Amino acid sequence: MKRVLSIAGAAAHGSAGIQADLKTFQECDVYGMAAITAIVANNPHTEKGIFIQDKEAIAAQFYVATEKVGIDAVKLGMLFSTEVIEQVSRLLRDIKVPYLVVDPVMIGKMGSQLLADDAIEVIKETIFPQATIITPNRLEAEKLLGRPISNSLPELKQAVIDLYNFQPQSVLLKAGIVDGEAIDLYYDGQSIELFQTPAIDTKHTSGAGCTYAACLTAELAKGTPVLQAIEISKQFVYAAIKHAVSFGEGVGSVRHGALRQKEF
């Protein structure tokens with residue numbers, strides 16, 4: 001089995017973060033590992049809802065995964081702070097990472113801020129140039145570029161080109177709904193490719209971005225060519241959203257096993 005490490009936050013509700021990544025890795029038949037950077041558990045009973053792990057704990061998890069098991073690809077999710085970003089960047093520079101997928105998690109589906117404001121410049125300067133591909137959504141792209149982005153294709157195409165200027169090898173911009181289609185744009189410095197599926201009218205999309213990037217990481221680890229890996233991941237997350245799970249209140253979870261379990 002190919003070996004895939006997720007360095008990200010743990011989401012107590014189970015739909016996103018490390019939990020989503022490990023569920024997705026299992027569905028994709030790769031060996032999933034985790035280095036938890038923070039625990040996200042927003043609730044009305046405790047004073048805090050986000051608990052950042054210390055640098056030693058993050059490094060320990062990283063070394064166990066990379067030295068005792070080995071890696072074929074790494075996915076980065078929620079890093080939250082400048083300190084964590086700088087440490088993860090150093091750890092990655094010390095090893096050879098065949099594929100690095102960076103999902104620049106900034107805002108949770110419940111509205112919580114998952115990347116500190118002062119960390120945005122740091123992730124652009126230290127992590128993005130190491131990335132095989134970055135996978136921001138449109139709101140994250142707006143924060144990274146410092147400007148609003150409409151859902152017009154010309155503006156989205158310019159945005160994906162501008163994101164490429166942060167020096168990753170490629171960019172996958174998850175653009176959201178454009179003319180009734182869920183559109184993503186890929187750019188590798190040469191040409192822009194569009195990926196689309198029908199839009200699904202649902203609020204139950206918690207974990208969609210994490211799941212998409214995790215599937216992409218797994219496919220790249222298995223040697224799937226990048227455009228094919230994106231198409232596989234697009235269909236995977238489309239099924240996961242179409243058959244999402246509602247818990248009665250708030251935003252429900254995507255169903256990580258839907259592509260295997262459901263016809264669509």
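**Exercise 1.** Classify Arg147 by its relative accessible area, then find its salt-bridge partner and state where the two residues lie.

*Solution.* Step 1: Arg147 has a relative accessible area of 29%. Buried means under 20%, exposed over 50%, and partly exposed in between (1.4 Å probe, protein chains only). Arg147 is therefore partly exposed.
Step 2: The partner is Asp162, at 2.7 Å from N to O. A salt bridge requires a side-chain nitrogen of Lys or Arg within 4 Å of a carboxyl oxygen of Asp or Glu.
Step 3: Arg147 sits in the loop between α5 (138-145) and α6 (153-164), and Asp162 in helix α6, 15 residues apart. Helices (H or I, at least four residues) are DSSP runs numbered from the N terminus.
Step 4: Asp162, at 17%, is buried.

The model is predicted: local features need pLDDT of at least 70, side-chain atom pairs pLDDT 80 or more, while totals for chains, interfaces and linings use all residues. Residues are numbered from 1 along each chain as its sequence is written, and side-chain values use heavy atoms, without hydrogens and water.

**Exercise 2.** State which residue pairs with Glu27 in a salt bridge and which parts the pair ties together.

*Solution.* Step 1: Arg260 is the partner, with the closest N and O atoms 2.7 Å apart.
Step 2: Glu27 belongs to helix α1 (residues 17-27) and Arg260 to helix α9 (residues 258-261), so the bridge ties together parts 233 residues apart in sequence.
Step 3: Glu27 is partly exposed at 26%, whereas Arg260 is exposed at 58%.

**Exercise 3.** Classify both partners of the Glu219 and Lys222 salt bridge as buried, partly exposed or exposed.

*Solution.* Step 1: Their side chains meet at 3.1 Å, N to O.
Step 2: Glu219, at 7%, is buried; Lys222, at 37%, is partly exposed.

Technical notes
Helix = DSSP H or I, 4+ residues; strand = E, 2+ residues; numbered from the N terminus.
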